There are 2 protein chains.
Amino acid sequence: MPTTLKDIARELNISVSTVSYALHGGTRKIPDQLREQVRETAVRMNYRPNRLARSLVTGRTNTIGVVPPVLDDDVFLSPYLRMAWNSIVNEAEKLRQDLLLLTASDRTRAADSIDDLVDSRIDGLLFVAPSVEAKPFERLTELQVPYTLMSAGGNAPGPHFGVDNNQGVRLAVQHLMALGHRRIAHIGGPDSSYDAIMRKSTFDQLVREYDLPLFDGQSQHGPWTRESGEARLVELMKLAHPPTAIFAGNDDLAIGVLGRAFEMGIRVPDKLSVIGFDDAGFLAYGLPGLTTVRQPLPELAALAVRSLVDFIATQSVPADLELPATLVVRESTGPAYLTP
Amino acid sequence: MPTTLKDIARELNISVSTVSYALHGGTRKIPDQLREQVRETAVRMNYRPNRLARSLVTGRTNTIGVVPPVLDDDVFLSPYLRMAWNSIVNEAEKLRQDLLLLTASDRTRAADSIDDLVDSRIDGLLFVAPSVEAKPFERLTELQVPYTLMSAGGNAPGPHFGVDNNQGVRLAVQHLMALGHRRIAHIGGPDSSYDAIMRKSTFDQLVREYDLPLFDGQSQHGPWTRESGEARLVELMKLAHPPTAIFAGNDDLAIGVLGRAFEMGIRVPDKLSVIGFDDAGFLAYGLPGLTTVRQPLPELAALAVRSLVDFIATQSVPADLELPATLVVRESTGPAYLTP
DNA sequence: TAAACTATGTGAAACGTTTCGATAAGGATG
DNA sequence: CATCCTTATCGAAACGTTTCACATAGTTTA
């Protein structure tokens, strides 16, 4: 039985509306003396505004819903999401927005379930790396729900903020080529990911553009996991002419490659160069640090949050933005090892 | 302008209450035919219940507020929190609870600010690794707010779920002693952390209990960071008789030690054994693999969430629980190197 | 001095639910 | 036939706010 405005009003023998004005006084002016008295009483009585009631009448909640990617069970274990989520939290705190986590609870029919997310409890929706299958964003526009997408790739519907995959992949391939590599493989992410698709297709395109040698299993899709990286490496090393360099679609995959390479006695970067993507904050000790393409996740997350808040406030759709990637050279890449 | 119960009622020429009963029918029976008709209309009109309004009257929100530890800026970058948060999310989803993230927005006076967290929007509060300074949990009891604590150590007020630090530390020290180590140092966490305090005091006690040699800087407090681990190692190695083994209060610290040891050319585990605490998952990769004391974070998180939900439902305070730690032996510990 | 402000305050509607207590009609019971 | 259950439905209160329209009373303006 928490204190309400009515309780304060009764205590002071004034009306509820006066109390409301005194505490959150916007348009109305309340004499200083009374206002102080009200405030004092509010504190004394442990008054806490009921935000449900407030939101019900104002229509605003100052809360944004975050929809994580639909992966397997342990979504938040992903280094990418860890980084993204941390930045989202930071930015939301700055903008004084609360965060409601919307997990895709028991939705087999993931597609239509967007309806379930739309709720009077949130002002807008932030999708983090949504999967390609999740089409029904038009539905959101129809329902008048502001939303932004973080890391969704160029062909995603709606205002999205991501890295320039094209430029990033180019950075990686050019870095490898500058080191003399020509036989380069790509271990990519799942084809439900916008980023994975973009990175793979850019890679494929660059191979043609630079006239690099083609070989079996050169460019593959798979889950964004360390295990996938390990498995792919094993396959690639079975080839008669294995690649001298591997461009992994994200850091997890790259770490898998690195770990398995060590186990197989393949020295990195002497015999094999490995480059990742994301720079999601892996720390190395005792193994070569991972050369990778840095995606400005903190900036992207902040951008996605800020734009969403703007969207909500102004009701006008924000403009997309792709930020450039940067190359972070560590020790996992080196001059190409050329068989004599 | 979303559809409301009133809209449906008007459409069908029936009363609002009938619609409500038909859709979420509890006590009242509605004839099957009418019920179907109502449901159909609801779907057709894109009806979505307004949860604010519902909660306002029922007093339940099915949402629990999560309060992360007050660390520096990037709270969610911590491997511990990543693990904990992931498990919290999983369990909450199972129990169909939504999660509202309550960040400690601009509170200089962190102590009293618990009030700000108490909100009609949540049914209960889950504190993750609260700091020792945050005293005012009595206030919560006073305000009748159900809450549980995850990883708060034995002397924390309120129902808490954590690892058995005492037993865990014992595991670590005994493991090292079994390998012949006697000169053992402890690099601990900040003294704002219940866990850090417990681990340090247990360590100190064990040193006495087993009559291990004492030396300067043997047991220290510091932030839970890799940098702290690095710095401490450097100091310890300046000693005339450096320790042969280091027990780090968490994995971050241990990784710092490992990394710096590698740089300094101190071979692990040949010259130095290192053991961590948490086993919070791989954000660091490298060699040798870190021997550590595993804290069952997923289970603890699930427990904390479940107990909170119970607490909310039954209004009776759940019982504390400490789960045992387990030893995970990898390659960073080995037989003691004894100076000839 | 009448009209028009200003300052201060009140009352009540509205937000969208849930749920309690009617009510009316019909059927069964005595 | 009067009474008492059911059954099907409704109206209205309540949850705690915000905010608009109105009501005083005192003060300025013409």
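A polar contact, for this talk, is a pair of N or O atoms within 3.5 Å; within protein, one has to be able to donate a hydrogen and the other to accept it, and residues adjacent in sequence count only if both atoms are side-chain atoms. With that rule, there are 26 residue pairs in polar contact across the interface of chain B and chain A, both residues at pLDDT 80 or more.

Quick housekeeping. This is a predicted model, so local features need pLDDT of at least 70 and side-chain atom pairs count only at pLDDT 80 or more, while totals for chains, interfaces and linings use all residues. Residues are numbered from 1 along each chain as its sequence is written, chains are lettered from A and ligands numbered from 1 in the order in which they are written, and side-chain values use heavy atoms, with hydrogens and water left out.

OK, the interface. Taking contact as heavy atoms within 4.5 Å, chain B puts in 54 residues and chain A 55. Buried area is the accessible area, with a 1.4 Å probe, that two parts lose on being put together, summed over both. Here that comes to about 4,900 Å², with 56% of it on carbon and sulfur atoms. On the chain B side, B:Leu52, B:Tyr285 and B:Leu287 lose the most area to chain A, together 17% of what that side buries.

What about charges? A salt bridge means a side-chain nitrogen of Lys or Arg within 4 Å of a carboxyl oxygen of Asp or Glu. Chain B and chain A share three of them, and one pairs B:Arg51 with A:Asp119, closest N and O atoms 4.0 Å apart.

Which elements of chain B do the touching? Helices (H or I, at least four residues) and strands (E, at least two) are DSSP runs numbered from the N terminus. Those giving two or more residues to that side include helix H4 (51-58), helix H5 (79-94) and strand S10 (284-286) of chain B. H5(B) gives the most, seven residues. By type, that side of chain B has 25 nonpolar, 13 polar and 16 charged residues; Ala, Val, Leu, Ile, Met, Phe, Trp, Tyr, Cys and Pro count as nonpolar, Asp, Glu, Lys and Arg as charged, and the others, Gly among them, as polar.

Here's a bit I like: S10 (residues 283-285) of chain A and S10(B) run parallel, joined by three bridges. Strands pair if DSSP finds at least two bridges between them. A:Leu283 stands opposite B:Ala284 there.

Now inside chain A. S9(A) and strand S11 (residues 291-294) run parallel through four bridges, with A:Phe277 opposite A:Val293.

There's also a salt bridge between A:Arg199 and A:Asp278, 3.9 Å from N to O. That links helix H9 (residues 194-209) to strand S9 (residues 273-278) of chain A, the two residues being 79 apart in the chain.

Most residues other than glycine have a negative phi, and most peptide bonds are trans. The bond from A:Val268 to A:Pro269 is cis, with omega near 5°, and A:Pro269 sits in the loop between helix H11 (251-263) and S9 of chain A. In chain B, the bond from B:Val268 to B:Pro269 is cis, with omega near 5°. And A:Asn13, not a glycine, has a positive phi of about 60°, in the loop between helix H1 (5-12) and helix H2 (16-24) of chain A.
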